[in-house]
Amino acid sequence: MTEMKRPLRPGIYLVVDPSMEEAELLRKLALVLQENIAAVQIWDNFSMGQQKEQLIQKVLNLAHARQVPVLINNQWELLRGSTLDGVHFDAAPANFAAVQKDVGRPFLAGVTCGNDLWVVQWATEVGLDYLSFCSLFPSATSTSCELVNFASVLEARRISGLPIFLAGGIKPDNLPELDGLPYDGIAVVSGIMGAAEPAASVRAYADILKQKKP
């Protein structure tokens with residue numbers, strides 16, 4: 001059991017869809033993990049009757065071999081009895097202190113933010129590890145997210161020192177539009193895992209991130 005949190009590095013935060021055909025998911029994930037990845041999140045999109053614990057363990061085996069943390073989306077109970085590194089909440093949980101007590105070990109935690117910045121304030125006060133703003137652009141996989149005003153990201157940096165990740169519809173061709181925003185990384189789903197050459201897609205994002213203007 002992990003007693004210390006694996007660090008969440010800046011860069012590309014990969015989100016994988018567990019409803020994807022398993023062999024293809026694991027094949028693409030193995031290729032992506034040969035690149036520099038900040039973290040892997042398993043999206044809360046399991047198929048009916050899916051053996052989620054078995055798939056989670058396979059993802060953990062691949063990612064931990066590269067020292068990449070793995071987070072589960074929403075279903076924090078799955079941290080019990082596993083080596084999952086953390087949880088990403090789509091909304092602030094009613095009692096985060098109770099979640100921490102129940103899990104009983106250190107873990108990474110982040111939350112999705114929009115234009116209502118009380119979530120940023122809450123996350124900062126309870127000591128979460130990062131913020132994720134969604135959605136910066138229209139996205140087929142982020143249909144529940146509102147479009148984020150760039151001013152909201154700027155204000156979040158003013159009121160919080162937590163790392164900021166940007167998500168939703170981000171592609172290499174629109175990534176430069178985020179120049180000037182104070183962010184530490186980007187979260188990507190289909191832009192990488194939906195690509196025919198996922199490792200090449202990671203490199204395309206990474207090359208542009210290296211040129212990011214502050």
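**Second largest pocket**

I looked up the lining of the second largest pocket and listed P10, G11, I12, E35, N36, V202, R203, A206, D207, L209 and K210. A pocket here is an open set of points on a 1 Å grid over the protein atoms alone, where a 1.4 Å probe fits, with protein on both sides within 12 Å along at least five of seven lines; lining residues have an atom within 4 Å of a point. The model is predicted: local features need pLDDT of at least 70, side-chain atom pairs count only at pLDDT 80 or more, and totals for chains, interfaces and linings use all residues. Residues are numbered from 1 along each chain as its sequence is written, and side-chain values use heavy atoms, with hydrogens and water left out.

I noted a volume of about 200 Å³ for this pocket, a volume being the space filled by probe spheres set on the points, which are joined across faces, edges and corners. Which elements each supply at least two residues of the lining? They are β1 (11-16) and α7 (198-210); helices (H or I, at least four residues) and strands (E, at least two) are DSSP runs, numbered from the N terminus. The largest share, six residues, comes from α7. By class I recorded five nonpolar, two polar and four charged residues in the lining. Ala, Val, Leu, Ile, Met, Phe, Trp, Tyr, Cys and Pro count as nonpolar, Asp, Glu, Lys and Arg as charged, and the others, Gly among them, as polar.

**Helix α1 and its partners**

I then followed α7 to its packing with α1 (residues 22-32): the angle is about 40° and the axes are 8 Å apart. Axes are lines fitted to C-alpha atoms, for helices over the stretch in contact, and angles run from 0 to 180 degrees between N-to-C directions. That angle makes α1 oblique to α7; under 35 degrees counts as roughly parallel, over 145 as roughly antiparallel, 65 to 115 as roughly perpendicular and the rest as oblique. In the contact (heavy atoms within 4.5 Å), K28, L31 and V32 of α1 meet P198, A199 and V202 of α7. These residues divide into five nonpolar, no polar and one charged.

For α1 and α2 (52-64), I found axes that come within 10 Å and cross at roughly 15°. That makes α1 roughly parallel to α2. E22, L25, L26, L29 and A30 in α1 meet L55, K58, V59 and L62 in α2. I counted this contact as seven nonpolar, no polar and two charged residues.

**Backbone exceptions**

Most residues other than glycine have a negative phi, and most peptide bonds are trans. I checked for departures. Q67, not a glycine, has a positive phi of about 60° and sits in the loop between α2 and β3 (70-73). Phi of N74, also not a glycine, is positive and near 70°; N74 lies in the loop between β3 and β4 (86-89). C134 and S135 are joined by a cis peptide bond, with omega about 10°. I placed S135 in the loop between β6 (130-134) and α5 (150-159).
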